[in-house]
Amino acid sequence: RAELWDVQVTLVHIEPNIIERCSGLIAQSIMGSHLALVTFTSGSNGLPKGVMLPHQAILHYVHSTYLTGDGPLRCLRDDRILQQTSLSFLDHLKEVWSAFGSGACLVLCAQEDRLELQATLCAQRITRLAITPSHLRLLDLRANYFLRSVIVSGEAFPEDLKTAWAARRGVSVFEHYGQSEAAADVIGAIC
């Protein structure tokens, strides 16, 4: 499914001579079964551990969850997605790879921007947000956000918070639970 990733990407490298030093590695072909990343589980179904995910699992996950269909979970080219999740956790896939796959704008969130999340959401005109319930509770529901989709995960989603966000017009809220080992999710629409 290489056509999904036919997006022009600018390579930014900070380390001098990185391309020359890695040219032998870059020239190798990458297969779907090759390791793409190691992500870490929260330990909710046992002990925390690292999980190895191949390229094909990530491609399938992002394509089937965020790039197909016409519902509110689909990532659109004009979306602005805030990337705030640690790259060591599976949840970053919904931010980074759905943006790459759809051509949406990925807005990188600096630590200081996380401390002023409400201002960041408004100033950056964020339309898609992945967030924990604890952080979602800190947001003022009366603020004039540009949000279209909010994907809540990482901990239990309290009923009062679900009800409050479900009442907000124009925003689709999803409760998300995923298994790192399978690169798969269970997603339920709240509103």
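Which residues in α2 meet which residues in α3? The views below come from a predicted model, in which local features need pLDDT of at least 70, side-chain atom pairs count only at pLDDT 80 or more, and totals for chains, interfaces and linings use all residues. Residues are numbered from 1 along each chain as its sequence is written, and side-chain values use heavy atoms, without hydrogens and water.

**View 1. Helix α2 meets helix α3.** Ile58, Tyr61, Val62, Tyr66 and Leu67 in α2 contact Leu93, Lys94, Trp97, Ser98, Gly101 and Ser102 in α3 (heavy atoms within 4.5 Å). By class, seven of these residues are nonpolar, three polar and one charged (nonpolar: Ala, Val, Leu, Ile, Met, Phe, Trp, Tyr, Cys and Pro; charged: Asp, Glu, Lys and Arg; polar: the others, Gly among them).

**View 2. A nonpolar patch lies on the surface.** Leu35, Val38, Phe40, Met52 and Phe89 form the patch, with about 490 Å² of accessible area together (Shrake-Rupley method, 1.4 Å probe; only the protein chains shown count as cover for residues). Patch residues have over 30% relative accessible area and no salt bridge, and nonpolar side chains (Val, Leu, Ile, Met, Phe, Trp, Tyr) are joined within 5 Å. Strand β1 (residues 35-40) gives the largest share, three residues. Methionine 52 sits in strand β2 (residues 50-54). Helices (H or I, at least four residues) and strands (E, at least two) are DSSP runs, numbered from the N terminus.

**View 3. Aspartate 160 and arginine 137 form a salt bridge.** Their side chains meet at 3.0 Å, N to O (cut-off: a side-chain nitrogen of Lys or Arg within 4 Å of a carboxyl oxygen of Asp or Glu).

Methods. Patches are made of residues with over 30% relative accessible area and no salt bridge: like charges are joined within 9 Å, nonpolar side chains (Val, Leu, Ile, Met, Phe, Trp, Tyr) within 5 Å.
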